[in-house]
Amino acid sequence: LAKLPLRAEQSERVERLRSIIESREKRWRTTASLSLGVRGSDNANSYPSSGLMDFKLNDTTPATTRQYESFGGATKTMREVAGVASTVIATTYELPNQDRDSLTAGISHAEARGRKYEYLTNGTTTAFAGASLRLGVFNVRPSLRLTETQAKTDPSSTIAAGSLTVGYALPFKIQSYVNAEYSIVNRIPSQNFSTANQNDGHSRSFKLGLSRAILPQLTVFGEGSYNTFNPMETRFSR
């Protein structure tokens, strides 16, 4: 086909298909990426008058205590800007079948550096592994993650998480998915954060999403989620 006199769009499609065929001959693929950006915030936490500035791990792991000392002497709403850099290296193995099932493992690291109060300053390293499998009419994507975070105004922490996402094609070209995730949060106490263990706990989240492409460049998407966080009371200070 590549030697025939084809229209421009036909030649482009032939080259794209040749590239896909050549890439599928290689079972192993390694990718690397680097991202640079800026992150801003206009508030330290939910209670700016307290003078406490907690680096929030994520929405499902809120601090259950607020006994940490203020950094920078801030006692009211403030603005902070941080430069962000992140890199990801991942290796993927494609299974020898027609469903393009694959296994992936990799590591990522992100650094954020704030300016004045530094409550956005943190470093996060994540090791991850996952798979993308087609089981009958379902697309199944299990994953495991281990994340270590070190922040300027919050104790160091590790989060071990496992998740499972199942996708299914509904009538009228609607794509659906269900996601369940379970994680264990371990905050590490230190001289500055002696009560860090009081914020250890188990996090659970559930998501349901629907999407449909209405134009080649436009997709309508909706998602509902439910999150819970259960602190480990056995680690509370007496």
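Which residue of β7 does Ala-160 stand opposite? View C holds the reply. This is a predicted model in which local features need pLDDT of at least 70 and side-chain atom pairs count only at pLDDT 80 or more, while totals for chains, interfaces and linings use all residues. Residues are numbered from 1 along each chain as its sequence is written, and side-chain values use heavy atoms, with hydrogens and water left out.

**View A. The open sheet.** Nine strands line up in the order β1-β2-β3-β4-β5-β6-β7-β8-β9, with antiparallel pairing. Strands here are DSSP runs of E with at least two residues, numbered from the N terminus, and two of them pair if DSSP finds at least two bridges between them. β1 (28-41) and β9 (218-231) are the edge strands; each has a single partner, so one side of each lacks a neighbour in the sheet. On average, neighbouring strands are turned by 15 degrees against each other, direction ignored, using axes fitted as lines to C-alpha atoms.

**View B. The hairpin of β4 and β5.** Twelve bridges hold β4 (residues 122-135) and β5 (residues 138-151) in an antiparallel pair. Look for Leu-135, whose bridge partner in β5 is Phe-138. Two residues lie between the strands, and Gly-136 takes a positive phi near 65 degrees.

**View C. β6 and its two partners.** β5 and β6 (residues 157-170) run antiparallel, joined by twelve bridges, and a hairpin of five residues connects them. Here Thr-149 faces Ser-157 of β6. On to β7 (residues 174-187), which pairs with β6 in the antiparallel sense over 14 bridges. Ala-160 stands opposite Ile-184 in β7.

Key
Helix = DSSP H or I, 4+ residues; strand = E, 2+ residues; numbered from the N terminus. Axes fitted to C-alpha atoms, helices over the stretch in contact; angles between N-to-C directions.
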